[in-house]
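Have a look at it first, and then we'll go through some of its parts.

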Amino acid sequence: MKDRITGRAYVLGDSIDTDQIIPAAHLVYSMTEPEERRMYGRYALCGVPDAQAGLPDGGVPFTAPDAFESEFTIVVAGSNFGCGSSREHAPFALQVAGAEAVIASSYARIFYRNAVDGGFVVPFESVERLVDVVQTGDLLDIDVRAGTVTVERLGETFLLRPLGEVAAILEAGNVFEYARQTGMIKRA
Amino acid sequence: MPGQTLTEKILAAHAGRERVAPGDNIWVDVDTLMTHDVCGPPTFGIFEREFGADAKVWDPDRLVIMPDHYIYTEDPHALRNIEILRAFAAKHNLEHYYDVGTSRYKGVCHVALAEEGFNRPGTVLFGTDSHTCTSGAFGLFSTGVGNTDAAFIMGTGKIWVRVPETMRFVFEGSLPPWLMAKDLILAVIGDIGFEGGTYRALEFDGQAVFDLSMEERMTLTNMAIEAGGKNGIIAADAKTEAFVRARTDRPYTMVRGDADASFVYEKVYDVSKMEPVVAKPHRPDNKAKVTEVAGTKLDRAYIGSCTGGKFEDFLAAAQVLNGGEVRVDTFVVPASTEVSKRLREESLPGQPGKTLWQVFLDAGCKMGHASCGACLGGPIDTFGRTHGTEVVISTTNRNFPGRMGSKEAAVYLASPLTVAASALSGVITDPREVLV
């Protein structure tokens, strides 16, 4: 896990479910073959209704048409982010699109686990509801050690909740590395 | 020391501990792991990446592979996924693989896990599908995980779990004939909200729950995830044992929560006073009484899925549709091949001579093959998938934007009785209007 994560924000509302993050029709691509894998980047967040895509104005696709990576690297959302299906393709698609972190008010538990155990994106929880202050395109600077995010346009810094016990898994890279480091499974 | 809930006791037993408390992070031994065609292939990829191409599954007898999502499609990538399952099952000599195109094919995993005797009281079951919580109807701990966690279990037989707090929903009274378990769970989700159960166990209790059949109990636990729940659970009773014993000789343990267990939330419902409800677009917690939305014009009705595609769901719908004719396109998709077979063999009570299948055909329904179907949209050629601005009433579990295919479609979730009554009139209709 990096000490600092900086990038442009992509802002969404509440209860963004995994069908919106990666619609079911796109779950068929290989997650390893490079030519197919990048399709997850192309279609990441394509299921979000246009009016809610990239708040406050909406109408901003996360990944531009015909692109495979997003110009936004930090997703900012409201409560219950990643609710619905258990598809690991959801945090994976965000990672393939180039996202490094999500900052949400709260998460659905399977998305949260998948993000952590697979090491796809760092799922931060904000103390305040950042959806109401951050705008799509804002430059954000996350200080992972300090547990803060600074919004450049506002010149303001906001608190993130401590990552707690999952920080060790995120530090290790994924649940397999964590289990090797702690002696749960043997090193290959 | 306070007592422990049913969920806590099962988790403690699988962590080799006397007791656990909500919030504890523990490693548990897994009894059963289930995967399917969407998440199986990437899970196998992670398993081989992390444990080696020649690695052995921790216990081939505990791994169940049930293709069900994208079966009746020409999508080449979806068909390739089935090939990957088949090759992996052959390589590891997996007995519990239910191959497409053979007599072993089952259909929707959550329903087939019950039918094949994998839901055993007191056990711990994980699956690469959020509706794995369905299995909790049999007094076991079951929850959905992603590919990484599933691959970890495949290699080690263990996984870390944060012990959830338990919420208890007690249903008392006698269920009127126009209500089904679907109405009860939609009421719960509407009351506690889309994330009211996040990271928590949802335990269903009370005489009205134990009066339900196993299939109806499965409808309750199935939708625990729609309130964010980690697992849904109902203590096993004699009905559970009879169902399980008819399907497997494997051992199980009857576990009950302690009488002095503490719950983070408790609510008592009197089912005799409840009413048919729907979840309006586009959230499962967007509850309304059917009477409040009655008359809403529909384009389509859909009866199917792990939630509303079990035998008794069709029995209920057939009761309403018998002798009538649907006014909107009505899709019927049995969850499993066993359900499909029974629909072709069995009739409405007291009305022999006409199969349930024929009742649906005569009413003008479109009949599909056992699978997840259009519950989750799926490939473009999926039976019953939405492609435009359809207004749909469905027995499925989710009505997120785009869930059944088109982002512009609007989906109402309801019980099979309400869906059937609405199919006959073409507008949302209270089943009390058509039930004699």
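## Ground rules

Two residues are in contact if their C-beta atoms, placed from the backbone, lie within 7 Å. This is a predicted model, where local features need pLDDT of at least 70 and side-chain atom pairs count only at pLDDT 80 or more, while totals for chains, interfaces and linings use all residues. Residues are numbered from 1 along each chain as its sequence is written, and chains are lettered from A, ligands numbered from 1, in the order in which they are written.

## Two domains in chain B

Chain B is split into domain 1 (6-249 + 263-269) and domain 2 (278-433), with bounds that come from an automatic or database domain assignment. Across the boundary, 37 residues of domain 1 of chain B are in contact with 38 residues of domain 2 of chain B.

On the domain 1 side, the elements giving two or more residues are helix H4 (109-115), helix H6 (181-192) and helix H8 (214-222) of chain B. H6(B) gives the most, with 6 residues. Helices (H or I, at least four residues) and strands (E, at least two) are DSSP runs, numbered from the N terminus. Sorted by class, this side has 16 nonpolar, 11 polar and 10 charged residues. Here Ala, Val, Leu, Ile, Met, Phe, Trp, Tyr, Cys and Pro count as nonpolar, Asp, Glu, Lys and Arg as charged, and the others, Gly among them, as polar.

## A closer look at B:Ala201

B:Ala201 is part of strand E8 (residues 200-205) of chain B. Is B:Ala201 buried or exposed? It counts as buried because it has 30 C-beta neighbours inside 10 Å, and the cut-off for buried is 20 or more (exposed is 12 or fewer, partly exposed in between, with C-beta atoms placed from the backbone). Leaving aside neighbours within four places in sequence, B:Ala201 touches several residues, including B:Thr5, B:Pro164, B:Met167 and B:Ile233.

## Where the chains meet

The contact between the chains takes 36 residues from chain A and 41 residues from chain B. On the chain A side, H5(A) provides the largest share, 5 residues.

That helix turns up again inside chain A: strand E3 (residues 101-104), helix H5 (residues 109-117) and E4 make a right-handed β-α-β unit. Right-handed means that, with the strands pointing away from the viewer, the path from the first strand over the helix to the second runs clockwise. E3(A) and strand E4(A) (residues 122-125) pair in the parallel sense over 4 bridges; pairing takes at least two bridges found by DSSP. In one of these bridges, A:Ile103 partners A:Phe124.
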